[in-house]
Each structure stands twice: as C-alpha cells, then as structure tokens.
Amino acid sequence: MNNSDHKTIYKFADHLFRESHGKMIALLSVKFGYQQIDNIVDAVQEAFEVALNEWKYKGIPNNSFAWLIQVSKNKLINKIKRDAVGNQIILQFHTEDLQLDPDEAEDS
C-alpha cells in the first residue's frame with residue numbers, strides 16, 4: 001500500500017472517529033451500563049487504534065461502523081473479564097489467612 005492509500009485511511013478514520021465516537025460510547029453505555037464508562041471510552045479508543053493498524057493492510061471493511069462496534073465490544077468484554085478475575089484474586093487474599101510461618105517464608 002502506498003503513502004496516498006495510508007493518508008486516505010487516516011482521513012477516513014479521522015472522519016469516522018468524529019462521526020461515530022460519541023455514538024459508539026452511547027451505544028455501549030446503554031448495553032453495558034454507565035458504570036463502565038471509563039472502560040467503554042478506552043475500548044472505543046483501542047478499536048480505532050486497531051482499525052488504523054489493520055485497515056492499512058486489509059483495507060477498510062464495508063460496514064466500518066459495525067466493525068468498530070464489534071472490536072470495541074470485544075475489547076470491553078475482555079477488560080470486564082480481566083477485572084472480574086483480578087477482583088476474585090483480591091477477594092481470595094482478603095478471605096484467606098495470610099499468616100506465614102517464618103520458616104515457610106524462608107523455604108519459598
């Protein structure tokens with residue numbers, strides 16, 4: 001892909017960002033809840049980063065808005081799952097007895 005193709009993709013992504021960013025955040029907020037707003041904003045931003053990287057090699061998909069929503073949704077779901085696992089680990093540490101025998105600590 002030549003330099004002018006890259007410029008076209010960047011211009012299109014910039015236009016799509018201005019037109020779709022707010023809509024994407026609103027749509028995902030309704031679906032996942034406004035308490036996830038920070039994660040939603042991050043997921044939408046990451047989707048545009050992925051788009052810039054992939055579209056310059058694979059081309060712009062026919063329904064770019066749907067593509068961006070799907071990537072954002074997947075990124076958001078992955079983040080929510082990671083957070084849930086992290087919270088489970090933290091809760092486990094709070095509920096377990098973390099007293100270590102000095103000899104036990106020395107052995108590890």
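Predicted model: local features only at pLDDT ≥ 70, side-chain atom pairs only at ≥ 80, totals over all residues.
As a general background, nonpolar side chains in soluble globular proteins tend to be buried together.

## Overall fold

Of the 108 residues in the protein chain, 26% are buried. The accessible surface of the protein chain comes to about 7,800 Å², and 52% of this surface belongs to carbon and sulfur atoms. Among contacts between residues at least 6 apart in sequence, 66% join residues at least 24 apart.

## Aromatic pairs

The model holds three aromatic pairs. In one of them, the ring centres of Phe17 and Phe48 are 4.9 Å apart and the ring planes stand at 80 degrees, so the pair is edge-to-face, given that planes over 60 degrees apart count as such. This pair links distant parts of the chain, since Phe17 lies in helix 1 (residues 3-32) and Phe48 lies in helix 2 (residues 37-58), 31 residues apart.

Gln36 has its place in the loop between helix 1 and helix 2. At 17% relative accessibility, Gln36 counts as buried, because the cut-off for a buried residue is under 20%. Leaving aside its neighbours within four places in sequence, Gln36 is in contact with Leu76 and Ile80.

A nonpolar patch on the surface is formed by Val30, Tyr34, Ile37 and Val41, which together have about 370 Å² of accessible area. Of these residues, Val30 is placed in helix 1 and counts as exposed, at 64% relative accessibility.

## Salt bridges

There are three salt bridges in the model. In helix 1, Arg18 and Asp14 are four residues apart and are therefore separated by about one helical turn; their side chains meet in a salt bridge with an N to O distance of 2.8 Å. Arg18 is exposed, with a relative accessible area of 57%, while Asp14 is partly exposed at 39%.

In helix 2, Glu54 and Lys58 are likewise four residues apart, and so about one helical turn lies between them. The closest N and O atoms of the salt bridge between Glu54 and Lys58 are 3.6 Å apart. Glu54 is partly exposed, with a relative accessible area of 30%, whereas Lys58 is exposed at 66%. In helix 3, Lys79 and Asp83 are also four residues apart, about one helical turn, and their side chains meet in a salt bridge at 2.9 Å, N to O. Both count as partly exposed, with Lys79 at 28% relative accessibility and Asp83 at 29%.

Note on methods
Residues numbered from 1 in each chain as written. Heavy atoms only, no water. Phe/Tyr/Trp six-rings, centres within 6.5 Å; stacked < 30°, edge-to-face > 60°. Helix = DSSP H or I, 4+ residues; strand = E, 2+ residues; numbered from the N terminus. Patch = residues over 30% accessible without salt bridge, like charges linked within 9 Å, V, L, I, M, F, W, Y side chains within 5 Å. Areas by Shrake-Rupley, 256 points an atom, 1.4 Å probe, with all protein chains shown as cover. Salt bridge = Lys/Arg side-chain N within 4 Å of Asp/Glu carboxyl O. Buried < 20%, exposed > 50% of the residue type's maximum accessible area, 1.4 Å probe, protein only. Contact = heavy atoms within 4.5 Å.
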